[in-house]
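Good morning. I have a few minutes on one structure, so please look at the screen while I talk.

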Amino acid sequence: MNARHHLFAAAAALLLAALPATAQDLLIRNATVHTVTARGTLRNADVLVKNGRIAAVGQGLQADGAVVVDAQGAPLTPALFGGINDIGVEEVSGESSTVDASLALGANAADMRVRPEFDVTLAYNPDSVLVPVARVEGIGWTLLSAGSKPGGSLIGGQGGVVRLDGSLDAVGPRALFVTLGGDGAGLSGSSRAAQWMLLDQLVDELHGRIPQDSQFALLTPAGRATLAKYIGGGGRVMVRVQRAADIARLLRWARQRDVRIAIVGGAEAWKVAPQLAAAGVPVFVDALANLPSDFDEIGATLENAARLHAAGVRVAFFQGRDASHNARKIRQLAGNTVANGLPWDAALAGLTAVPAEVLGVRDAVGSAIAPGQRADLVLWSGDPLDVASVARQVWLEGRAIPMRSRQTELRDRYLRADDGLPRAYPAPAR
């Protein structure tokens, strides 16, 4: 970093540290504004925020009484989507008492319990240490997923979007999570063929073709009421599936049942890209899926996102591994897709506008920089899709978020230790 960058960083730190936590009227001047709208990228532009919403985007803007930040040409984006993860419903993955992401009421895979009414967002803890860890890296919102495991079923339950601003409740509509293909075989009698049998039986129960008191019924009354919301053009169903043949069958099943699906994973989705585009089905891509990790991902390629986009498929992103503790890496994943052919603007949209639209939360999160949008903004040191760049400041609804987390506090604590490691606890009073 050169002397000019050091000077900017020091000045910005002093200014931003002085911002009141409740400040909502804000004027960011002289930024490279990535609007994620038809206006594209605006150079040397200003963004005016009033009452937590973007009031204007242009040049030469004025606002009496607003806090003014000179971006000095640095990139400004909407706060990013953190992907599909368990932030706030998982604290320590190796300690089961801190993990609330999945349901297993049955004894094992042979004792399956289908409970679509399970809503993982009711376990969300906004005080989780994972929230500020993700937030200081430019992540403003994320989608909590309902997992599937033995004793549960291929229908994991419902998840939803949470804002990483300290709010307790999820925003927007819920999404139903389903696992198909090889990952779901252990939840369906060790055969992916049984998955379609089970899904059809569940629909038959909804339509009364299997009586509610039948010994073969799989759903509770609450489960039937919940599942009914997702059949016949209702809520979004997030389907974890990888193999092209399974995706093709899913498209046919969803069309017959009028189910609004989105693909999660889709390592081989590029093989059926025209069909996905024709059906209007978006794909949440794991951009690091390349060499086959199992037999469902033989066709995995780093060009998956680029090929899907070229065919007209809406592309968003998620991480396949350790997504909760490393949500910040999702922008690096998006950057990898740019290196493998996806246009830069499409990659940024996959972290902002596309997931917001797919999940029905465009009004609940700041997914674009345009008048009327929530002022969820991030000022970056450089290209936000470059791993070498960092978030200089995050604003959620126009409020400057403290750029601190447990990780930065540990860093600063030991960085200041000039004469050996600091004490774990204060010295006792004498």
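Start with a definition: a residue is buried under 20% relative accessible area, exposed over 50%, and partly exposed in between. Keep in mind that this is a predicted model.

Now take Val 36. You will find Val 36 in the loop that runs between strand S1, residues 26-34, and strand S2, residues 41-50. Its phi is near 55°, which is a positive value in a residue other than glycine.

Next, Ser 190. This residue also has a positive phi, near 65°, and again it is not a glycine. Ser 190 sits in the loop between strand S9, residues 171-179, and helix H3. Is Ser 190 buried or exposed? Its relative accessible area is 67%, over the 50% cut-off, so Ser 190 is exposed.

Helix H3 covers residues 193-206, and helix H5 covers residues 244-257. The two pack at an angle of about 10°, with their axes 12 Å apart. Angles under 35 degrees count as roughly parallel, so H3 is roughly parallel to H5. The crossing of H3 and H5 is right-handed.

Which residues meet there? From H3 come Trp 196, Leu 199, Asp 200 and Val 203. On the H5 side they meet Asp 246, Arg 249, Leu 250, Trp 253 and Arg 257. By type, the residues of this contact are 5 nonpolar and 4 charged, with no polar ones.

That is what I have for today.

Conventions. Residues numbered from 1 in each chain as written. Predicted model: local features only at pLDDT ≥ 70, side-chain atom pairs only at ≥ 80, totals over all residues. Heavy atoms only, no water. Axes fitted to C-alpha atoms, helices over the stretch in contact; angles between N-to-C directions. Helix = DSSP H or I, 4+ residues; strand = E, 2+ residues; numbered from the N terminus. Parallel < 35°, antiparallel > 145°, perpendicular 65-115°, else oblique. Left-handed = near helix turned anticlockwise from the far one by under 90°. Contact = heavy atoms within 4.5 Å. Nonpolar A, V, L, I, M, F, W, Y, C, P; charged D, E, K, R; others polar. Buried < 20%, exposed > 50% of the residue type's maximum accessible area, 1.4 Å probe, protein only.
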